[in-house]
Amino acid sequence: MDQWRWMTAAALGQGIGDGSIDALALTEVFLAAIDGHVHRERIYARVTHDRARSEATAASARAAAGLRRGPLDGVPISWKDLFDTAGVATEAGTQLLAGRVPQADCAVLRAATAAGLVCLGKTHMSEIAFSGLGLNPMTATSPNVHDADAVAGGSSSGAAASVAFGLAAAAIGSDTGGSVRIPAAWNDLVGLKTTHGRLSLDGVVPLCLTFDTVGPLCRTVADAALLLAALDGGKMADLSDVSLDGARLGVLQTVVMDDVADAPRAAFNSARDRLQNAGATIIPFEYPALSDAYAIGGDLFTADAYAWWGDRVEAAPDKMLPQILERVRLGRDVAAATYIADWTRLRAIRAEYAARTAGFDAVILPAAPILPPDIQRLMTDDDYYRTANLLALRNTRLANLMGLCATTLPTGVPSCGILLNAAPEEEARLLRLSAAAETALA
């Protein structure tokens, strides 16, 4: 039964449906793997044994009675530690919220539970979700699947590790500047960044309310589509008869191709060529105004973060990792007039970008310009930390700044993903294109 740990969520759900897998037995396999894993304390902040067993028992009974709630009924997944869980601590990876126990599940967890998904527990993350690296000495730093001495990527670090190490069938994370896609890319998973507002943030500890999104980390595009449907209560995107024939893929040259390390660059070039060989038309393009978006984005992210976290941070600054504290405090002095003017400019850039890319089915780019950094060096070299953190999130931030939906797919090269960015609210079309790309890249 240990092989169940490495199956897709879709395959596990199918097995429960056809009777070849019992939901409770499946959950016990994952719980035993978690409890006995060498990196358990670095991946899971809390394991919800009783809840998982109760939910799995109910799912098993529904399957036996022919009353399954959906294709993922009985499948066990993990949740990033900023999603409220009733009666279980939700601390957002920070000592500032130590002992915080919400009284109700967040909206997306309620939706997932209604769809029959089993909650295994809460996973570690970057402190307050404000880093793309996943380094968190204040609670725990999750390991990268290829090198336990390297970071997993952030901020949904434990989420990615839980799937990559076979300790969850899938995971739910959040993405404000790349926090689903970076850890997914660095651990060879599929990550989906949804359009801002597509999934409820009710009961989710915020970082930047104007940019925060919810999304899954999983093994396949089909899993991402199933999880999105479960989280929003909608219909799964139709992934039948997908093809890249006739697809037009823009390859952005501005900003995102600067300072890309050799391995990610080679992986991206190879992936681009395979997509072209599968029928896609590849079209390089420039968008100079993007530089302006990145220039003003810092004020928008930090001001938004400080608005919610400021009082908490200033009450106990010694409880924070200094590099995270420094980033939050950058928002303290952003003037209201500057914030409003920046948003006005960003909306104009978004409109220009939408017009410039209207002829593309998606825009592709390397998921990250760097490979996962070494934990010890990040801990001892502040300049390296700052440089690595900004580079890690640079390419993924494009979708957040432009208000897009996006996926990252493995390229076949360890820790080197490829991003596909599509227009807002176009998740169904993006998932179809991503499924075709996934086949071409396999």
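A search of the whole structure, which is a predicted model, turns up two cavities of 30 Å³ or more. A cavity here is a set of points on a 1 Å grid, laid over the protein atoms alone, where a 1.4 Å probe fits but cannot get out. Grid points are joined across faces, edges and corners, and a volume is the space filled by probe spheres set on the points. A residue counts as lining when it has an atom within 4 Å of a point.

Let us start with the largest cavity, which holds about 50 Å³ of space. Its lining is made up of L82, A129, S174, T176, L201, V204, V205, P206, L207, D212 and T213. Seven of these lining residues are nonpolar, three are polar and one is charged. In this scheme Ala, Val, Leu, Ile, Met, Phe, Trp, Tyr, Cys and Pro are nonpolar, Asp, Glu, Lys and Arg are charged, and the others, Gly among them, are polar.

The second largest cavity has a volume of about 30 Å³. Around it you will find A185, W186, P264, A367, A368, I370, S415, C416 and G417. Here the classes are seven nonpolar and two polar residues, with no charged ones.

Next come the pockets. A pocket is an open set of points with protein on both sides within 12 Å along at least five of seven lines.

| Largest pocket | about 460 Å³ | 23 residues | ten nonpolar, eight polar, five charged |

In the largest pocket, of about 460 Å³, the lining residues closest to the centre are F130, T302, R327, N389 and L390. The helices α10 (290-315), α11 (322-329) and α14 (382-402) each give at least two residues to this lining. Helices (H or I, at least four residues) and strands (E, at least two) are DSSP runs, numbered from the N terminus.

At least two lining residues each come from α12 (336-356), β11 (362-366) and β13 (417-422). The largest share, three residues, belongs to α12.

Finally, a look at the backbone. Most residues other than glycine have a negative phi, and most peptide bonds are trans. S155 sits in the loop between β5 (147-151) and α6 (157-164).

V255 is a residue other than glycine with a positive phi, near 70°. D259, also not a glycine, has a positive phi of about 55°. Are these residues buried or exposed? V255 counts as buried because its relative accessibility is 16%, whereas D259 counts as exposed because its value is 64%. Buried means under 20% relative accessible area, exposed over 50%, and partly exposed in between, using a 1.4 Å probe and protein chains only.

As for reading the model, residues are numbered from 1 along each chain as its sequence is written, and side-chain values use heavy atoms, leaving out hydrogens and water. Because this is a predicted model, local features need pLDDT of at least 70 and side-chain atom pairs count only at pLDDT 80 or more, while totals for chains, interfaces and linings use all residues.
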